[in-house]
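Okay, thanks everyone, let's get started.

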Amino acid sequence: MKNFIKTKSQLFATIIFAFLLIFCVLITITKIDNIILKHVEVFFHKTLRNPARWIDVLQNSARLFGCTFALIYFLCFIEKGKALCTNIKKTLFDCNGILFSKRSSYFFAGTVFFLLFAYSNVILANYFYADDVFRNYGGNRSWIGFSRYISEFGSILIHNSLKLNDIAPLTQIIAIVISSATVLILSVSLTETVSVKNILVLSVIFISPFYAENISYRFDSPYMALSLFFSAVPFLFRKDTKSFVFTSIICLILTCISYQAALPLYILAAIFIFLNDFINSKELKDNLFFAAKSVISFVAALVIFKFLFMNKMSNGADDYFSTRIMISALLPNVIQYVKTTFSLNGGFLTKIFFILSIIAAIFNAVKISKQNKIITFFVSAVLIVVSYVLSFGPYLVFERPAFTSRAFMGFNVFVSFILLGSIQSSINVKPVLNLTSRIIAFLYVYSCVVFMFTYGNCLKNQKEYENFRLSMILHDLSEFTIDESKPNVSFEGGMDLCQKSHIAMKNYPLLKQIVPRMPGSSSTWNKELLSACNFECTDEYTQKDESFELIKKCSYHEIYQNGNNFIVVLK
């Protein structure tokens with residue numbers, strides 16, 4: 001009877017999954033997509049601007065859901081899939097018992113509180129950062145165009161609505177919880193232990209100056225943190241080949257469909273483990289086998305993502321970045337990346353602590369190594385250089401990558417792993433040297449916390465200054481916009497950064513890049529900023545010519561008018 005019920009339930013599940021798969025396959029047919037889009041246009045009474053792009057999104061989404069249904073069916077109803085699932089569970093609990101211990105739960109809670117403390121000033125600034133202005137105004141998600149399906153669909157669950165409403169700081173708290181889990185996983189995976197020193201240096205991934213922009217996003221931050229979490233998970237299974245390869249491919253695809261800039265974490269974690277195993281005199285054959293598994297899994301995941309799920313990018317000359325692969329761009333990208341990350345990574349002392357930590361990591365590797373000391377020195381030095389370069393991930397071969405701080409997640413991971421390598425204890429290293437390495441590492445962590453608090457204060461100052469400038473602009477515009485129709489307002493020039501923060505800007509040049517300047521000609525969200533103050537307008541670009549009359553001039557701006565068109569020239 002039990003077998004009959006089991007067979008009947010499996011048959012029912014098979015029919016359901018077959019129906020879902022057939023539906024997904026049908027959505028990949030262009031003719032059917034055209035019919036769907038026509039009905040969508042009729043329903044919403046709108047004409048889609050780029051139907052071809054929507055067809056691409058529909059087809060890739062259908063493939064993603066189809067593969068998800070097939071994977072669930074494989075793991076739940078096919079014998080090999082069920083065996084693999086059982087093996088993954090066994091590997092997770094057998095090899096990582098420490099991860100689920102009571103002690104680890106205390107460290108997890110401590111990490112949450114530490115990150116909450118480090119981010120407190122940024123969160124309290126309550127600043128609508130860049131795209132937040134747009135999402136708060138329209139409630140739109142718009143991540144799917146960048147193939148960030150998890151962000152697109154996950155946000156519906158987190159915000160409990162199809163239209164996004166502002167729930168900050170809840171989103172940032174969720175990001176902190178996910179980040180803390182990632183730190184714990186990395187500590188267990190890379191060192192097979194959990195300790196205060198490991199937790200602190202691995203937290204640098206999330207409190208590094210380059211991560212300040214990521215946590216500032218009140219809508220994006222959970223998915224950026226989740227992408228790093230996905231990249232870290234596979235290393236819990238590295239001692240079992242089948243589990244490691246399977247989870248690597250799945251998790252790397254999940255990283256790609258949440259936030260692609262987190263991919264370097266997987267690369268750097270694999271290099272760290274390879275070097276650590278080499279130092280501890282593990283068989284070279286086993287080391288190379290692990291490296292091969294990692295490389296094959298990484299390449300397989302990227303190929304699957306590119307050809308099945310990645311939405312086409314326009315890669316136009318006007319776009320701020322291009323994903324078109326160009327091998328000739330490799331060397332210029334490497335040079336630009338190294339220059340940018342080193343020059344903008346914190347202040348003067350942060351750079352000194354960073355250099356000293358690299359020296360300490362190499363020295364530590366040589367001292368504790370069971371291999372030839374000279375060979376260890378060269379292998380360590382080469383792998384550190386390679387890790388630095390590869391910390392930019394696939395962006396290295398893009399025709400025009402985004403050299404923005406939020407894209408430098410890999411550099412944050414690189415620094416964190418350097419610090420982790422520098423604090424590993426050994427009886428071969430004098431206690432005073434161990435203590436010195438830890439002091440340098442903890443000073444680096446402290447410098448990151450200092451930067452976060454400084455950055456939070458800069459956001460507060462800029463918010464006050466923006467509100468002051470906006471109030472003046474709105475006051476002056478309101479004197480001349482008495483027509484019932486919406487005025488068209490465009491901007492020329494831009495605002496300076498608030499002078500309250502000028503010392504911080506000198507100490508930390510990165511702040512000049514990551515503290516926004518809105519409104520202005522370079523800002524995309526001018527209309528939304530004005531509308532947030534109940535000043536409804538349009539923002540079609542208008543070229544200032546002789547037909548425009550100067551109607552207002554003050555120390556902060558000039559306003560020109562031609563009928564219902566206004567141009568605000570910021571000073």
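This is a predicted model: local features need pLDDT of at least 70, side-chain atom pairs count only at pLDDT 80 or more; totals for chains, interfaces and linings use all residues.

The structure holds 38 aromatic pairs. Let me pick out Phe210 with Phe411: that pair is edge-to-face, with 5.5 Å from centre to centre and 85° between the planes. Where do the two rings come from? Phe210 is in the loop between helix H10 (204–207) and helix H11 (212–216), while Phe411 belongs to helix H19 (residues 409–422), so this pair ties together parts that are 201 residues apart in sequence. And are these two buried or exposed? Phe210 is buried, at 1% relative accessible area, and Phe411 is buried too, at 0%. Buried here means under 20%, so both calls follow directly from those percentages.

Now stay on H19 for a second pair. Phe272 and Phe417 have ring centres 5.6 Å apart and planes at 55°, so this pair is tilted. The angle matters for the label: stacked is under 30 degrees, edge-to-face is over 60, and the rest are tilted. Phe272 sits in helix H14 (residues 264–279) and Phe417 in helix H19, so here the pair ties together parts 145 residues apart in sequence. Both Phe272 and Phe417 are buried.

Going back to Phe210 and Phe411, they are also members of one aromatic cluster. Who else is in there? The cluster takes in Tyr337, Phe342, Phe354, Tyr388, Phe392 and Tyr395, and then Phe398, Phe403, Phe408 and Phe414. Keep Phe342 in mind, please, as we'll meet that residue again.

Okay, charges over rings. I have two to show you. Arg218 lies over the face of Phe128, 3.9 Å from the ring centre. And Lys544 has its charged end over the ring of Tyr560, at 4.7 Å from the centre.

Arg218 is a handy bridge to my next topic, salt bridges. How many are there? The count comes to 13. Arg218 is in one of them, with Asp166, and the closest N and O atoms are 2.8 Å apart. That pair links distant parts of the chain: Asp166 is in the loop between helix H7 (149–159) and helix H8 (170–191), Arg218 is in the loop between H11 and helix H12 (221–232), and 52 residues separate them. Look at the accessibility as well: Asp166 is partly exposed at 29%, whereas Arg218 is buried at 4%. So that's Arg218 with its face-on contact to Phe128 and its salt bridge to Asp166.

Next, Glu213 and Arg406, whose side chains meet in a salt bridge at 3.0 Å, N to O. Glu213 is in helix H11 and Arg406 is in the loop between strand E2 (398–400) and H19, so this pair ties together parts that are 193 residues apart in sequence. Both ends are buried, with Glu213 at 7% and Arg406 at 16%.

For a local case, go to Lys82 and Glu79, where the closest N and O atoms are 3.2 Å apart. Both residues lie in helix H4 (residues 79–95), 3 residues apart, which is about one turn of the helix. Lys82 counts as partly exposed, at 25%, and Glu79 as exposed, at 56%. There's a network as well: Glu192, Arg238, Lys239 and Asp277 are linked by salt bridges.

Last stop, the surface. There's a nonpolar surface patch of about 650 Å², and here's Phe342 again, together with Phe348, Leu349, Ile352, Ile355, Leu356 and Ile359. Which element gives the patch its largest share? That's helix H17 (residues 348–368), with 6 residues. Ile352 is found in H17, and that residue is partly exposed, at 32% relative accessible area.

One more isoleucine, and then I'm done. Ile327 is in the loop between strand E1 (322–325) and helix H16 (330–344). At 62% relative accessibility, Ile327 counts as exposed. If you'd like a sense of distance, Ile327 and Ile158 are 169 residues apart in sequence and 40 Å apart in space, C-alpha to C-alpha.

That's it from me, happy to go back to any of these on the screen.

Technical notes:
Residues are numbered from 1 along each chain as its sequence is written. Side-chain values use heavy atoms; hydrogens and water are left out. Rings of Phe, Tyr and Trp (its six-membered ring) pair if their centres lie within 6.5 Å; planes under 30 degrees apart count as stacked, over 60 as edge-to-face and the rest as tilted. Helices (H or I, at least four residues) and strands (E, at least two) are DSSP runs, numbered from the N terminus. Buried means under 20% relative accessible area, exposed over 50%, partly exposed in between (1.4 Å probe, protein chains only). A charge sits over a ring if NZ of Lys or CZ of Arg is within 6 Å of the ring centre and within 35 degrees of the ring normal. Patches are made of residues with over 30% relative accessible area and no salt bridge: like charges are joined within 9 Å, nonpolar side chains (Val, Leu, Ile, Met, Phe, Trp, Tyr) within 5 Å. Accessible areas come from the Shrake-Rupley method with a 1.4 Å probe; for residues, only the protein chains shown count as cover. A salt bridge is a side-chain nitrogen of Lys or Arg within 4 Å of a carboxyl oxygen of Asp or Glu.
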